[in-house]
Amino acid sequence: MNESTGWLLDIYAEEDGATLWLLTDGDQRLRLRMDFDITFYAAGDFPLLRQAWKYLRGKNVRLERTVRRDLFLGERDVMAVTTPDPANIQKLFGDLQRQFPALDYYDADIPITLRFIAQTDMHLLGRCRVHLGDERVQFIEPLSAPWEIDPSPIPLRILTLAPDCNPAVRNPQKLLVKYNQREYSLSLESPRSFLISLKADLQRIDPDLILTDYGDTWLFPQLSTWSKETGIEFRPNREEGRQVMMRKADSYFAYGQVTYRGAQAHLFGRWHIDRKNAMSFGEYGLEGAMEQARVTGIGVQEMARKSPGAGITAMQMLTALRNNIMVPVQKQQVEGTKTLSELIRADHGGLIYQPLIGLHGNVAQIDFSSMYPAIMVKHNISPETVGVEDASEGLIPKTLRPLLEKRLRLKNILIDLDPRDCRVEILKARASALKWLLVVCFGYLGYKNARFGKIESHEAVTAMSRELMLQAKEVAEDMGFTVLHMYVDCLFVQQDGFHKSSDFTPLINAIEEKTGIPIALEGVFKWVAFLASKRDARVPVPNQYFGAFQDGSLKYRGIELRRRDTTLWVRKTQLKALEILAHANSPREFAGRVPDVMRLVEGAKRDLRIGRVPLGELLIRQRLSRTLEAYKTPSPAARAARQLQVHGRQFAPGQSLEFLFAHNESGVHAWELEEALDSRKLDTKRYYRLLDRAIQTIVDPVRSHMFSERLF
Amino acid sequence: MGRTLVTITQLLTETEANLSAFRRTLRRSDQYIFDGLFAAARRHIAAIGQAESLLPFETALLAMLLEQAKEITVLQQELDELKKRHE
């Protein structure tokens with residue numbers, strides 16, 4: 001028997017078990033085979049189960065009658081179906097389900113990585129010692145835990161490939177290759193010589209990760225086409241017998257809009273991540289994706305492309321597997337019946353206060369840290385525990401507790417580190433990756449397709465959050481503070497004579513003691529402005545504010561600067577104006593800076609008038625809300641689309657396009673038109689209006705500071 | 001998202017829309033005061049929601065009264081101060 005130690009890179013199913021890839025301490029990449037049985041369960045009417053039993057008897061499975069736990073129904077008599085062939089489980093289960101659709105199925109669609117992790121106590125990218133015998137893994141011993149704060153870094157070989165332009169717009173001429181500190185480019189002129197060079201590079205470097213731009217949507221499909229055309233075999237997998245696994249593109253509806261996800265190219269034995277097709281990659285990068293893989297058990301390639309929701313679902317499945325709870329294939333819980341008054345009581349979101357309009361000095365913002373997950377853990381809120389007294393720790397709190405603790409520990413380390421420390425970026429990425437898992441967990445309690453969701457548990461969390469916010473408000477008011485604004489999990493408070501961070505420490509301690517949920521000072525604003533509705537200056541708008549902290553840094557929410565449909569020129573000028581105002585140390589000084597802002601605006605308008613503003617900074621981006629024919633009075637976007645339609649472009653509702661405001665028949669000029677707009681034709685007045693509006697937003701609060709806003 | 005009931009914000013907007021004929025018939029100067037009543041209610045959306053009333057507009061009326069009472073208190077204080085200064 002021999003042994004190896006290293007990091008676990010990848011796991012996938014085979015017809016006779018599983019393949020593991022190990023990056024050893026000796027810098028080898030080992031492909032290991034392992035026997036791996038998979039069990040799933042069926043429950044239901046006994047006569048039906050007997051028929052299913054007969055149906056399965058001739059197949060490559062072991063059958064057993066046993067008792068297993070359903071999270072909601074408790075112990076159930078089930079038929080356990082065990083197969084030594086993980087590669088064909090989908091087919092086996094699919095056939096069975098078609099024959100016997102009335103049975104309840106459990107554990108049938110759990111990814112093999114999760115089963116492996118639950119069984120071996122390993123985790124992806126974790127350290128382990130593997131004992132081999134007869135060329136197969138006999139025993140695997142974990143040497144690390146996913147909750148370690150400082151995991152030993154994996155010496156990954158990363159090869160970066162990127163075309164010299166966006167292939168959707170133009171045909172790339174070169175592929176830029178980067179490995180370690182070396183950078184060079186491969187010409188795409190002759191597919192034959194390109195394939196030969198790339199193949200040689202792959203063999204020489206043997207990368208663990210191929211990081212691409214447009215790899216999913218362009219490079220890998222293109223490589224396969226060229227390989228067929230030239231007859232040169234090209235297999236980018238480390239597992240040589242396998243083809244690249246391509247997944248089709250799809251559009252899906254989420255958060256009120258249609259999102260497009262390009263095709264995906266997955267590799268075996270090494271990873272491929274397309275930076276341009278990875279959902280949250282921009283947010284936390286490779287370090288974040290690896291952190292999520294470590295804690296969720298979903299492979300890095302998958303996790304980089306999936307939503308955090310898939311990650312949290314995987315973690316819940318892991319908790320279930322480890323606690324011998326069966327994972328239902330279909331969600332079974334529906335909303336319980338309620339009377340109207342019960343519904344009125346339950347159907348609320350977080351507490352959103354209307355702020356006191358105007359400019360306020362020395363205001364502290366305090367935030368509950370990870371409020372919703374903290375509530376779920378502290379108050380044991382889980383779909384199976386809601387409404388049950390003295391329930392033992394539920395599935396959701398059990399899943400979240402270590403995640404929440406790890407994020408808090410990372411955050412505390414970050415607070416103590418010097419911002420220039422080289423570890424800061426990595427730790428931030430990892431903390432942010434964990435944050436996203438925590439954020440979506442709450443939504444998944446109420447999501448109609450979530451495996452372990454139940455709307456009542458969702459409602460219990462928001463009800464508790466409103467209660468805690470009111471407790472916090474009462475504590476603050478008891479201590480003499482004015483609560484200016486409250487928004488879901490943060491409060492803005494003020495008191496005469498309180499301006500240093502330490503002045504607010506007793507309040508923070510008191511709130512934490514009362515609520516039992518950690519709370520932290522986000523910062524003390526020198527001044528902060530809460531905005532009024534543009535329609536009626538007497539009506540406050542929640543979560544629209546801007547302010548300057550004592551260190552001069554700005555914070556703004558809900559103003560033009562944060563909106564994606566604001567042109568870059570307006571955004572830039574508004575930010576510059578805020579930077580001028582940030583020099584003010586009090587609401588009084590704020591008013592004194594307004595003339596400087598007005599000078600800035602005049603300068604910006606002059607630049608626009610004399611053509612010093614690049615047209616690219618003036619683009620307006622709007623979405624089409626319907627088909628072009630359906631517009632009675634076409635919006636600017638629709639008019640721009642019509643200009644392009646003349647040239648054969650097609651548009652569907654939901655697509656967005658860019659244009660400039662211009663002095664011509666339609667008042668707009670589509671950016672994609674062949675001929676560029678003559679800058680003298682630019683509708684400068686229209687842009688002045690946009691800028692004036694944005695500037696008005698930030699200077700208006702001066703008015704309400706001087707005459708407090710009267711209702712009548 | 002995913003809510004079954006209308007929110008208080010929606011409810012106030014709808015009620016205001018239902019009263020548009022009433023508002024239109026008022027004099028322009030009264031219209032401004034009328035809008036102020038709804039602005040007063042909107043300052044207390046969170047509290048109206050928390051009241052969990054079957055008829056939330058009743059609570060909205062209370063919010064309007066509250067702002068009026070507040071206005072009266074402020075005016076009274078100002079009056080008292082002015083009186084003191086003249087005595």
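The predictor's confidence in each residue is expressed as pLDDT, on a scale from 0 to 100. The structure is a predicted model, in which local features need pLDDT of at least 70 and side-chain atom pairs count only at pLDDT 80 or more, whereas totals for chains, interfaces and linings use all residues. Residues are numbered from 1 along each chain as its sequence is written, and chains are lettered from A and ligands numbered from 1 in the order in which they are written. Chain B has an average pLDDT of 91, with 97% of its residues scoring at least 70. For the complex, the predictor gives an ipTM of 0.82 and a pTM of 0.84.

Chain A is divided, by an automatic or database domain assignment, into domain 1 (2–142), domain 2 (158–326), domain 3 (358–563) and domain 4 (615–681). The C-alpha centres of domain 3 and domain 4 of chain A are 41 Å apart.

An open sheet of 5 strands in chain A has the order E7-E4-E6-E5-E19, with mixed pairing. Its edge strands, E7 and E19 (325–326) of chain A, each pair on one side only. Strands (E, at least two residues) and helices (H or I, at least four) are DSSP runs numbered from the N terminus, and two strands pair if DSSP finds at least two bridges between them. Strand E4 (residues 38–43) of chain A runs antiparallel to strand E6 (residues 74–83) of chain A, to which 5 bridges join it; A:Tyr41 has A:Ala80 in E6(A) as its bridge partner. E4(A) also pairs with strand E7 (residues 104–106) of chain A, in the antiparallel sense and over 3 bridges, and here A:Ala43 is partnered by A:Asp104 in E7(A). Strand E5 (residues 62–70) of chain A is joined to E6(A) by 9 bridges, again in an antiparallel arrangement, with A:Asp70 opposite A:Gly74 in E6(A).

A:Arg626 is located in the loop between strand E26 (620–623) and helix H17 (636–645) of chain A. Residues up to four places away in sequence aside, A:Arg626 touches A:Tyr631 and A:Pro653, a contact being defined by C-beta atoms, placed from the backbone, within 7 Å. A:Arg626 and A:Tyr106 are separated by 520 residues in sequence and by 43 Å in space, C-alpha to C-alpha.

The contact between the chains takes 18 residues from chain A and 19 residues from chain B. On the chain A side, helix H9 (residues 340–346) supplies the largest share, 4 residues.

Notes. Two residues are in contact if their C-beta atoms, placed from the backbone, lie within 7 Å.
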